[in-house]
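Here are a few friendly notes to read alongside the structure. Take them one at a time, and look for each place in the picture as you go.

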Amino acid sequence: MEWQVAAHGRLQAHVQGEVCEPGTQSYEAARAIWNAMIDRHPALIVRCRTTEDVVECVHFAREFDHLLGIRGGGHNIAGNALCDGGLVIDLSQMRTVQVDPEHRRAVVEGGATLGDLDAATQAHGLAVPLGINSTTGVAGLTLGGGFGWLSRKYGMTVDNLKAAEVVTAAGEVLQVDTEHHPDLFWALRGGGGNFGIVTRFTFGLHPVGPEVLSGLMVFPAAEAVSVLRRYRRFAGQAPEELAVWAVLRLAPPLPFLPASVHGKPVIVLAICYAGDPREGYRLIEPLRGFGTLLGEHVGVQPYTAWQQAFDPLLTPGARNYWKSHNFEVLEDALFEELADALDQLPSTECELFVGALGGAAGQPESTATAYPHRDARFVMNVHGRWREAADDARCIRWARQVFRNTAPFASGGAYVNFIPADESDAVERAYRVNYARLARVKRRYDPDNLFRVNQNIRPAAA
Ligand SMILES: Cc1cc2nc3c(=O)[nH]c(=O)nc-3n(C[C@H](O)[C@H](O)[C@H](O)COP(=O)(O)OP(=O)(O)OC[C@H]3O[C@@H](n4cnc5c(N)ncnc54)[C@H](O)[C@@H]3O)c2cc1C
């Protein structure tokens with residue numbers, strides 16, 4: 001406790017941001033993250049305002065040998081934004097986005113959310129491929145790879161990263177890109193928070209919207225297997241502009257669904273077409289014939305609205321546990337497993353989704369960036385979600401069982417951004433062919449493993 005008081009005073013004297021200590025409202029706000037299963041108590045949380053603040057915190061953590069957590073958007077399922085004891089650098093006050101429409105570039109501070117970035121870029125009809133929930137942090141999503149509705153057309157988020165400003169474990173501020181510290185720049189594009197604290201990301205932008213054809217079509221659970229079979233054939237031929245994901249869950253009380261369907265198990269096709277809507281309407285027409293259409297809500301809407309469409313189902317504060325697989329092909333037996341899992345949902349909020357990748361996301365070589373899963377044509381996430389701690393065991397058991405049952409059909413590997421807290425042995429699976437090179441870059445930039453509150457890549461032996 002004594003060190004905490006001394007540390008608080010010293011840090012506060014050197015940073016512009018607020019140093020939050022236990023027992024204060026700002027501390028409680030800063031330690032609340034998306035997944036309510038995570039309940040960690042850092043010794044101090046510094047809400048940094050500038051890159052210099054971040055440098056100061058790094059020097060401080062090193063000097064006193066404190067565990068160091070980095071909080072971007074706080075959405076990591078494993079809770080890696082926070083540590084127990086030690087110091088947390090909270091970037092949530094650093095959310096500025098500057099767009100240069102002429103050169104199609106955006107410079108984004110390390111605590112910005114997807115919503116911040118989309119709002120700024122869409123003011124110019126531009127976008128970076130990001131994820132599907134607007135409150136997610138740009139930092140964590142990008143550093144792990146990042147995919148969403150635009151990835152088939154414009155690649156993973158990391159494929160659009162042009163440069164970064166990084167505070168290293170030594171407290172240096174480096175500007176990195178393909179010509180400056182290329183090894184570090186390579187490692188950042190998928191290697192998570194292992195290599196430094198990114199205070200600024202520079203992204204290349206693409207023309208998108210600002211309105212896109214998007215929405216949902218809903219079919220009964222009894223037809224899940226046949227809908228998925230048709231979906232497989234359709235997805236195999238879809239152009240890169242078109243992303244269709246399958247979601248299996250209980251129907252939310254959406255106004256376009258009859259009341260009799262609310263709360264019933266359904267399979268939903270979520271659709272986004274990032275091209276001329278007239279062509280999009282033509283392309284998605286066959287989806288309506290995939291089964292008994294219980295309802296649909298598809299139309300031309302602002303891209304920013306579609307990027308927030310799932311936010312109400314993904315609010316912070318619930319208990320969450322995830323398991324995920326990548327697939328190169330979708331096998332019939334997998335569909336049977338998914339239908340069974342839908343039959344056995346252990347809570348009203350649990351769901352499974354199958355997201356479509358491929359296209360531009362699959363173009364680079366596996367070794368081109370630290371993110372290696374270029375063979376993944378589909379990503380499945382088993383999303384366990386519930387409210388009460390008493391349901392933890394039941395819901396986690398369901399997610400693990402679905403994961404085990406579907407493993408024989410998966411292509412191997414793990415998406416680092418979907419790894420839960422109890423699966424730290426998945427790190428080598430997450431990096432596959434790139435692990436050894438990442439460990440060497442780690443040795444160069446963080447030999448003492450200062451940045452270890454993450455899916456940790458250990459420095460290679462000298
Ligand atoms: C509701 C929801 C929807 C999602 N949808 C998608 C999706 O569509 N596509 C997708 O690809 N992923 C998705 N994800 C996963 C998401 O990419 C990860 O949860 C990611 O870790 C979130 O980043 P964050 O900054 O919010 O998290 P945080 O918990 O703040 O950080 C995650 C990790 O990154 C480190 N970190 C954070 N900021 C920095 C920084 N500036 N510099 C260095 N290291 C840093 C942290 O220490 C931690 O290890 C989703 C997650 C949620 C909860």
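1. Let us begin with a term. A crossing of two helices is called left-handed if the near helix is turned anticlockwise from the far one by less than a right angle, and right-handed if the turn is clockwise. Please keep in mind that this is a predicted model.

2. Now use that term on a pair of helices. Which way does H8 pass H11, left-handed or right-handed? The crossing of H8 over H11 is right-handed. In general, two packed helices are described by the angle between their axes and the distance between those axes. Here the axes of helix H8 (residues 224-237) and helix H11 (residues 332-343) come within 9 Å, and they cross at roughly 140 degrees. An angle over 145 degrees would count as roughly antiparallel, and 65 to 115 as roughly perpendicular. H8 and H11 are therefore oblique to each other.

3. Next, turn to the ligand. How many residues surround the ligand? There are 34, and the closest are Ile70, Gly72, Gly74, Phe147 and Tyr415. Sorted by class, this shell holds 16 nonpolar, 17 polar and 1 charged residues.

4. Where does the shell come from? Strand S3 (68-71), helix H5 (138-144) and strand S10 (197-204) each supply at least two of its residues. Helix H5 gives the most, with 4 residues.

5. An oxygen atom of the ligand is 3.0 Å from a polar backbone atom of glycine 140. For asparagine 80, a polar backbone atom is 3.4 Å from a ligand oxygen. Taken alone, the ligand exposes 950 Å², and the protein buries 97% of that.

6. Finally, look at two spots in the backbone. Most residues other than glycine have a negative phi, and most peptide bonds are trans. Arginine 104 is not a glycine, yet its phi is positive, at about 50 degrees. You will find arginine 104 in the loop between strand S5 (97-100) and strand S6 (105-109). Glycine 209 and proline 210 are joined by a cis peptide bond, with omega about 10 degrees. Proline 210 sits in the loop between strand S11 (206-207) and strand S12 (211-220).

Definitions and conventions: Residues are numbered from 1 along each chain as its sequence is written. This is a predicted model: local features need pLDDT of at least 70, side-chain atom pairs count only at pLDDT 80 or more; totals for chains, interfaces and linings use all residues. Side-chain values use heavy atoms; hydrogens and water are left out. A residue is near a molecule or strand if one of its heavy atoms lies within 4 Å of it. A polar contact is a pair of N or O atoms within 3.5 Å; within protein, one must be able to donate a hydrogen and the other to accept it, and residues adjacent in sequence count only if both atoms are side-chain atoms. Accessible areas come from the Shrake-Rupley method with a 1.4 Å probe; for residues, only the protein chains shown count as cover. Ala, Val, Leu, Ile, Met, Phe, Trp, Tyr, Cys and Pro count as nonpolar, Asp, Glu, Lys and Arg as charged, and the others, Gly among them, as polar. Axes are lines fitted to C-alpha atoms, for helices over the stretch in contact, and angles run from 0 to 180 degrees between N-to-C directions. Angles under 35 degrees count as roughly parallel, over 145 as roughly antiparallel, 65 to 115 as roughly perpendicular and the rest as oblique.
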